[in-house]
There are 2 protein chains.
Amino acid sequence: MLRHALLGILNYHPMNGYEIKQFMDQSTSHFWYAKLSQIYTTLKALEQDGLLVSEVQPQEDRPDRRVYTITAAGQTALRAWLAEPLTQIDQTKEPLLLKLFFSAQLDKEAILAQLHIQRALYQRLLETHRSQTAALIKEAVEHQPHLKRDALLWESTRRLGELSTELYVRWLDETIAQIQEHF
Amino acid sequence: MLRHALLGILNYHPMNGYEIKQFMDQSTSHFWYAKLSQIYTTLKALEQDGLLVSEVQPQEDRPDRRVYTITAAGQTALRAWLAEPLTQIDQTKEPLLLKLFFSAQLDKEAILAQLHIQRALYQRLLETHRSQTAALIKEAVEHQPHLKRDALLWESTRRLGELSTELYVRWLDETIAQIQEHF
DNA sequence: ATATTATATATAAAAGTTTATGTATAAATC
DNA sequence: GATTTATACATAAACTTTTATATATAATAT
């Protein structure tokens, strides 16, 4: 799946691995993320398959940059993946819920402490979605007006991130209250 | 992580791999799932580490069942994992959002078609959360009153499943409308 | 009649992902 | 002055997960 993400990103413009990592951290990380090591090896694999080509840009003082460009074959592969409809629901994995599910083993205070930590984290994430992520999309369209349709879709993914983080905070409050009263 | 899930499940009572799969499909699948093949190999690994022991129960007409029981070391490991607080947000991966993010490549009708498919799927899942999953928890407590505290936590995970599926459907409607108007 | 689903386990191979390690320098922070 | 963060790549090892294959029978659905 990361393969497709990388093709999608490089379809905007050529980039090196480090830049791709930053792009993902800022835009897709709430629904797709990857470690740098995985990005580098996947880029290499995509080049071997002819979906990307790379060229080294020498730099002084810093390691040279290897910049990847999508090929015609890469664009075809990207479009094929986009066109193929998802006919099943994405099954996700959430360690917090898994742990909570079995937490009757713990005492009340330990459970509550963990939920409070999570609440703080999600509250902070919510603010990021609302300010930073929103600003980045707005800025991108201002500089590149041809990305207007892309931005509409980016905004909808950001919106779900905001809504579900909001929901998570509400659910944590609800759950904390439930446990405080009935556990 | 599956290791901990299996310890958590077997801490209720001894089970064989096939039963564990069914248990997960019915209860944890919206936040943790696994294929049978992975369950079998992980059970074996846990036994090698001394966290489980197994015994074969012969059956006629069907393959024998290998029933796993958690050991004292397994219970210690389970509790250690439960006690260790999560200090970061779970990063999840959602193929639908990844695809949507790059879908400006597609035409309007193709995007809308994909979103409508997802809406139908999530609508059906919502009903499952509300009826089946809720009923299973209720039934479990009726038969085993000592699981009351567990059930409170199970119910909170079910509740998040219901709430976020509901949200997903609403977001899909919102997104479909946005695209219809502005894409 | 035929195909699928359910019961039950097992293993190999492939694919995907994370963790650890190594190199090198500049800038920023403490 | 010392440590951390940022820039930039690369690779090996470990771990996790999926896909495919094999076996065997009963019950159910088409």
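**The contact between chains A and B**

Author: Chain A puts 58 residues into the contact, and chain B puts in 58 residues; two residues are in contact if their C-beta atoms, placed from the backbone, lie within 7 Å. The model is predicted: local features need pLDDT of at least 70 and side-chain atom pairs count only at pLDDT 80 or more, while totals for chains, interfaces and linings use all residues. Residues are numbered from 1 along each chain as its sequence is written, and chains are lettered from A and ligands numbered from 1 in the order in which they are written.

On the side of chain A that touches chain B, two or more residues come from each of α1 (2-10), α4 (72-83), α5 (95-101), α6 (108-143) and α7 (148-182) of chain A. Helices (H or I, at least four residues) and strands (E, at least two) are DSSP runs, numbered from the N terminus. The most comes from α7(A), with 16 residues. By type, this side of chain A holds 34 nonpolar, 16 polar and eight charged residues. Ala, Val, Leu, Ile, Met, Phe, Trp, Tyr, Cys and Pro count as nonpolar, Asp, Glu, Lys and Arg as charged, and the others, Gly among them, as polar.

The most is given by α3(B), with five residues. This surface divides into seven nonpolar, seven polar and six charged residues.
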